Amino acid sequence: MNIPDFLALEADSESGDLVDLRALDFVSSYDSHLMCPICHCPFVQPVRLQCDHVFCRKCLGSAITTVRSADSEEFPCPSCRTPATRISMNVPRLLINMCDEIQVRCPLLGDGCEEVVPRGHIQSHVEKYCGYRLVPCPDESCGKNTRKKDLQPDQRCMHSYCRCGRCNEDIMEQDFAEHDKELCPSLETTCVDCGTTIPQRTLKQHIETCPDVVSPCVASKYGCQVKIRRADIAIHEQQCPLVSIGPYFEAQNTRLDSLELTMRHLQQRNEIFEDGLANIRSTLRDFARASGNGGRSVIGGERDQQARGDADESSDLATAFSSHTTQYLLSLHESLREEVNQISHALTDLDARASMTIMNECLRIKEDMAHTNAAVNSVRMQVQWLMNPRLHNGARAGGIRTSTAGNESPRTQLTSTSAPGPSNAAGPSLGPLRPRRPSDSGREGTKL
Amino acid sequence: MFANKRLSKELLKLQEHVPPGVSIAKSDNLEEWQMDIKVLDDNPIYQGQTYRLKFTFSNKYPIEPPEVQFIELPATSDTPRPIPMHPHIYSNGIICLDLLSSSGWSPVQTVESVCMSIQSMLTANSRNERPPGDSDFVAYNRRRIRDIPFVYEDDNV
């Protein structure tokens with residue numbers, strides 16, 4: 001559909017919808033791709049431009065009316081400024097469904113409806129099912145509104161006042177049931193704890209402050225088991241030793257907590273150290289065994305492992321230590337040697353590769369040169385061929401000239417006899433023209 | 001109405017997350033906001049400075065562009081906010097940027113995107129100067145920002 005049609009349609013469809021979908025309170029977060037970039041709400045009746053950008057119908061309509069210069073056929077897309085001339089009303093069903101599926105609160109939350117429904121259903125929810133919507137009173141003469149759930153099956157007007165028999169107040173009929181059960185100031189109830197009679201409305205506040213409610217001592221968490229009336233608790237708290245010692249307990253608790261934390265930390269570090277120690281010990285044992293074996297073989301291997309005492313073992317450890325350093329150096333040496341080997345390997349490898357590439361290049365260049373040579377040759381041939389007639393002419397003229405001069409040289413005679421041969425090219429012309437063309441010698445060379 | 005809804009949504013989003021170098025200085029109503037912006041790279045012209053932008057929204061936002069200009073807070077205050085030096089920013093804070101004109105504006109722009117555009121306009125600048133004719137303009141301009149016939153001749157910004 002082109003733009004004027006779209007605008008006309010947009011103007012027509014100023015629908016008086018019950019619910020403004022852009023004012024809804026969204027319960028869950030929704031994907032930002034489902035958001036119209038103009039109104040920042042999930043798309044409402046999305047439409048699509050040629051560049052595949054999607055907007056709400058209404059948003060696009062208002063954007064077009066302000067941006068477009070009058071009667072121009074096109075309009076720049078708000079997102080990418082691609083000129084658009086057509087607006088497509090069909091966007092993927094998927095997109096519409098995803099937008100309609102977002103959960104929203106009923107807009108009548110302020111009136112008491114706590115329903116959460118998908119956005120696609122909110123219109124019908126408010127229209128048909130929500131009990132908190134205000135509808136005109138069935139009695140047309142009344143002119144007031146009433147909540148839908150208060151409507152009586154017999155379509156009676158509930159706005160007439162009736163007097164509460166106890167408090168002498170005028171209460172609207174629709175609120176009467178509530179008033180009768182809870183709100184009437186004359187309704188009284190008895191506090192179970194203190195036995196006083198209080199108005200029912202204030203029962204909740206009363207329970208919080210009633211002096212007769214039994215409550216535990218503040219130090220109950222430290223072990224005071226006293227539970228007495230609220231009125232007496234102040235006296236008890238003055239005497240209770242646990243209350244006065246409470247702050248001390250608390251300080252101790254925090255100290256304990258921090259100490260526990262440090263301990264856990266230290267334990268972790270200790271574990272790490274122990275691991276390291278075990279590692280060191282195992283390597284040492286390995287060395288000791290190796291050096292012990294070596295030593296025994298030198299001595300003759302007569303000594304029994306069982307017979308060795310503690311002192312022996314410690315000396316063993318010392319030798320192990322010294323052998324350890326030498327071994328370490330040896331291993332270092334070995335690894336260095338290996339590295340050098342590797343590097344030399346790599347070097348030879350590189351060398352080979354470099355020479356290979358050079359050879360390849362050389363071959364290529366040689367080939368190229370051959371090509372160029374061939375080309376030069378062919379060019380030369382052509383030049384020759386082109387020059388041929390001219391040379392012929394020149395020769396003929398020369399011949400005429402010489403014949404008229406009467407002293408034809410034997411050489412020209414010789415060449416003219418060879419003229420009809422296959423190498424007719426330069427043969428006859430060579431004689432008279434040679435002094436004029438220094439490049440001839442080269443030509444002859446290539447010809448050979 | 002439209003503007004309020006959109007602005008409150010933008011505000012919610014900005015309170016959750018602002019781009020680096022941008023912060024909300026004042027947003028207690030839905031007609032005028034103030035944003036603080038910083039230039040993030042080491043451009044020597046703007047090093048260590050914070051600038052304050054004032055956004056004034058009409059009730060047709062975002063269909064119509066907001067009025068955006070730099071405002072100056074004196075150097076002696078707790079939060080000194082100078083007017084940045086830029087060949088397209090007049091010394092009274094008015095910015096010559098086609099994005100903010102009704103022809104360059106697009107309703108998909110947001111306060112966030114405008115802040116980032118101005119931020120990058122400052123970042124890309126290397127000339128420590130005011131626009132030509134700055135003193136005359138500042139002395140004689142009594143028009144509202146949207147009525148000033150800017151000419152957007154420089155495409156290098």
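What follows is a talk about the terms used for this model.

Modeller: Ground rules come first. This is a predicted model, where local features need pLDDT of at least 70, side-chain atom pairs count only at pLDDT 80 or more, and totals for chains, interfaces and linings use all residues. Residues are numbered from 1 along each chain as its sequence is written, while chains are lettered from A and ligands numbered from 1 in the order in which they are written.

Colleague: How many helices and strands does chain A have?

Modeller: Chain A has 12 helices and 15 strands. Both are DSSP runs numbered from the N terminus: helices are H or I with at least four residues, strands E with at least two.

Colleague: What makes H1(A) oblique to H2(A)?

Modeller: The two helices pack at an angle of about 120°, with axes 10 Å apart. That angle makes H1(A) oblique to H2(A). Under 35 degrees counts as roughly parallel, over 145 as roughly antiparallel, 65 to 115 as roughly perpendicular, and the rest as oblique. Axes are lines fitted to C-alpha atoms, for helices over the stretch in contact, and angles run from 0 to 180 degrees between N-to-C directions.

Colleague: Which residues make the contact of H1(A) with H2(A)?

Modeller: H1(A) brings Ile3(A), Leu7(A) and Glu10(A). H2(A) brings Arg57(A), Gly61(A), Ile64(A) and Thr65(A). Contact requires C-beta atoms, placed from the backbone, within 7 Å. By class, there are three nonpolar, two polar and two charged residues. Ala, Val, Leu, Ile, Met, Phe, Trp, Tyr, Cys and Pro count as nonpolar, Asp, Glu, Lys and Arg as charged, and the others, Gly among them, as polar.

Colleague: Which residues of H2(A) are called buried?

Modeller: In this helix, residues 57–67, they are Lys58(A), Cys59(A), Leu60(A), Ser62(A), Ala63(A) and Ile64(A). Buried means 20 or more other C-beta atoms within 10 Å of the residue's own; exposed means 12 or fewer, and partly exposed lies in between. Their cover includes helix H1 (3–12) and strands S1 (46–49), S2 (54–56) and S3 (75–76) of chain A. Across the 448 residues of chain A, 11% are buried.

Colleague: How do you know which strands of the chain B sheet are edge strands?

Modeller: The open sheet has four strands in the order S1-S2-S3-S4, with antiparallel pairing. S1 (22–26) and S4 (67–71) of chain B each pair on one side only, and these are the edge strands. Neighbouring strands are turned by 30° against each other on average, direction ignored.

Colleague: What makes S1(B) and S2(B) a pair?

Modeller: Pairing needs at least two bridges found by DSSP. S1(B) and S2(B) have four, in the antiparallel sense, so they pass that test. Val22(B) has Ile37(B) as its bridge partner, and Lys26(B) stands opposite Gln34(B). A hairpin of five residues joins the two strands. Seven bridges link S2(B) to S3(B), and five link S3(B) to S4(B).

Colleague: Which residues are on the covered face of S2(B)?

Modeller: Trp33(B), Met35(B) and Ile37(B) are on the covered face. Glu32(B), Gln34(B), Asp36(B) and Lys38(B) are on the uncovered one. In a regular strand, side chains alternate between the two faces of the sheet. Helix H2 (residues 111–123) of chain B lies across S1, S2, S3 and S4 of that chain, at about 40° to S2(B).

Colleague: How many residues of each chain meet at the interface?

Modeller: 11 residues of chain A contact 10 residues of chain B. The chain A side divides into six nonpolar, four polar and one charged.

Notes:
Contact = placed C-beta atoms within 7 Å.
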